[in-house]
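Please go through the model below with me, one question at a time, taking the terms and conventions before the details.

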Amino acid sequence: MSGGVVFTRAGVWRGAVASLPLWLGMVPFGLVIGVLADAKGLSFTETVLMSALVYAGAAQLLALELWTDPAPVMAAIVAAGVVNLRMAPQGAALAGWLDRLRGWKLWGTLATLVDHSFALSVQEQRRGGRDAGYLLGVGLGLWASWVPTTAIGWLAGSLVKLPPGHPLYFASVAAFISILVGLWRGPRVDLAPWVVAGLVALAAHRAGLPVPLPLLAGTLAGAALGAWIELRGKARLAADERERG
Amino acid sequence: MEIRADVLLAILGMAAVSYACRAGGYAILRSVRPPEFVEAMLRHLPGALFMAYATPPLVAGSVPAWIGAAAVVGVQLATRNLGLAICAGVAAVWGAQAALW
């Protein structure tokens, strides 16, 4: 595939069109971010600036959950880093396209990388797609809807002041739960790591550790256990094959 | 047009670390293959992260929160639509709170 990779305006456009159906799913998520940003005391300009520059829903949501006044600079950066670390292997997985790009086409396209553009582009690659502009198109199309959606959320939130404990605030937990449902790969792979991640985070939270330490501790414990189980399984499989062979 | 210095610093920091994940991940993983254990941990990171986030508020939460969580899981499984699942969860919490109090 690496031979014929191109980067055309038509490809960018096709990607932007492909992103259209995803807008609907993003709207409630963007609204939640906007409402939450308003509730945490961010101004309209600050909210729009964050969506435009960070452009990562789950990271913004988590950082805003931890938000205090004055802004928790370190906690917000750590939260964004931990949540977005998942995108590091995504860029590498798209190397078949990205390796053929140079300059702004490469580094600019990477700036727009999100879960949805990654997922759609992997599908496009598997269909034999050779136009790397597609990746940028999906990323830009979603960005163009993301920023105004969070802005509208902020405006709605500032019009209707919600009391603490209002059901709408459940939306942020709901967003993470529905993401979890999509990530679930079955009990053998995920059950033990997920339970451990939740329990360690809960224990650290109860022990009074400051944010985002409970989150970090739970995440690392769960991911390490998942990795250990996965590699042990692989080693066992290899040993079985050696015995049979 | 209010932008406070501390908020701006937090936003720029978040943007920088996010770009480092997007671009730096590609730049590094293209040339250096990380240890197998680190690669496996990266695969397990998202699920563990969101569990670590959602567990404390759910355990501390009331019955409506659990009803809401069940509604989110059910609708997400049935429709695979993030937006619908979030709306269903909020609606379930709203209804449960209204019914219980």
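Two residues are in contact if their C-beta atoms, placed from the backbone, lie within 7 Å. This is a predicted model, in which local features need pLDDT of at least 70 and side-chain atom pairs count only at pLDDT 80 or more, while totals for chains, interfaces and linings use all residues. Residues are numbered from 1 along each chain as its sequence is written, and chains are lettered from A and ligands numbered from 1 in the order in which they are written.

Q: Leaving aside its neighbours within four places in sequence, with which residues of chain B is Ala80(A) in contact?
A: Within chain A, the partners of Ala80(A) beyond four places in sequence are Val54(A), Ala56(A), Ala59(A) and Ala63(A). The list also reaches into chain B, where it names Met14(B), Val17(B) and Ser18(B).

Q: How many residues does H2(B) give to the side of chain B that touches chain A?
A: The contact between the chains takes 61 residues from chain B and 75 residues from chain A. On the chain B side, helix H1 (5-31), helix H2 (36-60), helix H3 (63-79) and helix H4 (82-100) each give two or more residues. The most comes from H2(B), with 21 residues.

Q: How many helices does chain A have?
A: Read along the sequence, chain A follows the pattern α-α-α-α-α-α-α-α-α-α-α-α. With zero strands, its count of helices is twelve.

Q: How far apart do the C-alpha centres of domain 1 and domain 2 of chain A lie?
A: The domain bounds, which come from an automatic or database domain assignment, are 2-163 for domain 1 and 184-245 for domain 2. Their contact takes five residues from domain 1 of chain A and five residues from domain 2 of chain A. The distance between the two C-alpha centres is 28 Å.

Definitions and conventions: Helices (H or I, at least four residues) and strands (E, at least two) are DSSP runs, numbered from the N terminus.
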